[in-house]
Amino acid sequence: MTQSVFAPWNDPGAKPLIQFKNVTKRFGEFVAIDDLTIDIFEQEFYALLGPSGCGKTTLMRMLAGFETPTEGTILLDGQNIAPVPPNKRAVNMMFQSYALFPHLSIWDNIAFGLKREGLAKDVIGDRVQEMLRLTRLEKFARRKPHQISGGQRQRVALARSLAKAPKLLLLDEPLGALDKKLRQETQFELMDIQEKTGTTFVIVTHDQEEAMTVASRVAVMDHGKIIQVATPADIYEQPNSVYVADFIGDVNIIEGKAEPQGGKVSIAWAEGQPNVTGTPSSEITKGQTVHFAIRPEKVTISATKPEDATNAIQGKILDIAYLGNVSTYHVELPNGVVIKSQTANNRRLSRRSFTWEDDVWLSWTDTAGILLER
Amino acid sequence: MRRISLILVPYLWLLALFLVPFLIVLKISLSDTALAIPPYTPTLDLSGWETFRAFVGALDMENFVWLTEDDLYWKAYLSSLKIALISTFFTLLIGFPIAYGMAQAREDWRPTLLMLVILPFWTSFLIRVYSWMGILSQEGYLNQLLLSFGLIDEPLIILNTPVAVYIGIVYTYLPFMVLPVYSALEKLDGSLLEAAEDLGCSRTSAFWLVTVPLSKSGIIAGSFLVFIPTLGEFVIPSLLGGSRTLMIGKVLWEEFFNNRDWPVASAVAIILLLILVIPIILFQRNEQKQREAEG
């Protein structure tokens with residue numbers, strides 16, 4: 001039995017749950033969202049990633065109903081949701097501050113939305129119990145929000161927003177207030193809950209690691225525009241622009257003039273330095289300015305010049321960032337450019353091969369990096 | 001040592017200016033009225049054990065018994081309670097929307113609005129009450145205005161009625177309601193209301209389910225700050241209420257200055273204090289509970 005990969009965005013027949021059609025949102029002169037068109041599919045875990053002020057929160061607030069688009073339409077299940085007020089939408093939101101009601105117990109917080117629907121008492125009770133079990137909060141049902149820890153509060157907020165079984169759950173920086181270790185654990189918990197409930201999640205975050213961990217697709221935003229939407233792996237390995245390559249993870253960017261040579265492109269990037277060779281993914285014309293982006297972990301560092309490498313440059317170690325599992329070497333080339341190279345520390349520190357001021361060779365294959373036009 | 005002296009100063013202050021006067025009033029309330037200076041007997045004589053025993057023996061509860069026998073007093077207490085309760089209710093009714101509006105106002109406007117609420121305190125309280133007499137009297141501004149609009153055919157009689165007392169009290173004590181309610185509403189996190197809406201509340205039900213419960217401490221504090229001084233209020237009923245408005249503060253004044261019956265006046269004051277102690281204790285418990293909830 002073959003297991004099909006979850007990728008409705010590649011299926012032309014799939015019907016998106018949410019469609020943004022040329023949506024623009026202005027606040028006075030300021031354009032928060034600029035002519036944006038995206039599709040989000042059912043059961044997706046969709047991450048909106050970008051620096052603060054890029055419009056990701058505005059986008060989410062439009063889905064929740066707290067903002068209306070200035071132009072364009074937002075469709076949920078094929079229906080325009082602009083005239084539907086927030087309290088009538090099958091969309092729930094988990095707030096960045098959690099926004100738990102301080103005067104109500106955990107139980108009442110979770111039951112809040114269900115009570116507004118006028119459900120029968122035992123139905124509400126069952127549902128709240130189910131949510132408490134899902135988020136492992138059974139023991140805290142009678143406590144008030146100020147009597148539990150930050151991580152527990154985060155789970156209450158999640159339980160409360162999931163209680164009404166929304167078609168779409170919005171998460172606004174859900175893990176921002178947690179410390180790193182708890183955040184990582186909670187990321188997996190979120191994925192687990194998303195899978196169990198089958199709800200479509202849209203998460204807003206500025207933490208790229210978080211987006212990469214949880215999301216089925218990541219949308220990188222900047223200045224109210226979507227720069228790229230792709231799976232985490234594609235965003236990392238196939239960025240469509242220098243902005244995306246630079247925003248996600250660490251990257252070395254080499255800018256130069258292109259010179260196609262057969263199936264390869266040779267880049268003249270600095271005087272007195274050998275050309276860098278890369279494999280183009282699109283048509284590159286001679287003399288065009290291109291950016292060669294390569295991740296530090298794909299740059300090999302060695303003491304002597306490797307025999308078979310397509311690209312090899314000599315330099316001197318300027319700095320070493322020791323992170324435990326990996327070390328990042330900042331290597332300065334004779335012309336002053338610094339290239340980063342990352343190596344996994346699978347040997348003990350005492351036997352480390354390189355130290356400060358060492359002359360080393362950096363090398364990589366022609367397919368290790370990516371050629372970007374902008 | 002420094003800590004003890006720091007605590008000692010306020011306690012000595014309270015002892016000298018609160019506890020000692022209270023004991024004096026308590027002692028007078030147990031004395032008998034007399035044509036003398038001071039107008040009561042016995043006076044404290046500490047010249048010897050025998051004279052002191054004679055002094056204690058002369059004290060009795062007669063005045064308190066008298067308070068229960070003459071229905072003027074308990075009617076005055078009840079009437080004061082009624083006026084204080086109704087005034088507190090109306091102060092809340094008017095004060096809450098003012099505080100709500102202030103908390104909703106743009107941030108750079110709030111200090112100005114706050115200033116405007118406090119501004120009346122810069123004018124003498126007596127002058128402000130007197131000016132209400134000018135507004136509410138039969139030839140006053142209010143009647144002139146209503147007559148000129150043709151809303152009424154003959155002047156309304158407001159001054160020297162309970163209505164004038166309510167107007168005076170609500171006007172005077174409004175800031176005491178607005179300020180604590182405002183400070184509670186200002187702290188309210190706007191995302192809580194958004195969360196309530198997101199979970200299916202209309203704007204109105206979000207107000208009743210979130211805004212009101214979360215401003216409860218401010219409402220309670222404001223209500224006590226209005227209720228407690230109103231209960232013993234003397235100036236406003238005597239200036240605006242005429243002879244028909246019965247309030248315990250006024251009775252106290254009359255016993256003291258018109259009848260020169262210091263012992264009965266003191267007994268009235270002691271009972272008033274006991275009535276006030278209950279809401280004051282409740283008020284402090286509310287404060288404590290709030291502190292615990294926040295801490």
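## The buried side of helix α10(B)

In this predicted model, the buried residues of α10(B) are B:Ala206, B:Leu209 and B:Val210. A residue counts as buried if 20 or more other C-beta atoms, placed from the backbone, lie within 10 Å of its own, as exposed if 12 or fewer do, and as partly exposed in between. The three sit on the same side of α10(B) because they cover an arc of only 90° around the axis, taken from the directions from the helix axis to the C-beta atoms. An α-helix has 3.6 residues a turn, so residues three or four places apart point the same way.

Turned away from that buried side is a face with the exposed residues B:Arg203, B:Thr204 and B:Trp208. The cover over the buried residues includes α9 (190-198) of chain B.

## The length of the helix

Helix α10 of chain B runs over residues 203-214, 12 residues in all, and spans 16 Å from first C-alpha to last, close to the 16 Å expected at 1.5 Å a residue. That expected span is 1.5 Å times one less than the number of residues.

## A look at chain A

Five residues from domain 1 and six residues from domain 2 make the contact, meaning C-beta atoms placed from the backbone within 7 Å.

## Reading the numbers

Residues are numbered from 1 along each chain as its sequence is written, and chains are lettered from A and ligands numbered from 1 in the order written. Local features need pLDDT of at least 70 and side-chain atom pairs count only at pLDDT 80 or more, while totals for chains, interfaces and linings use all residues.

Key: Contact = placed C-beta atoms within 7 Å. Helix = DSSP H or I, 4+ residues; strand = E, 2+ residues; numbered from the N terminus.
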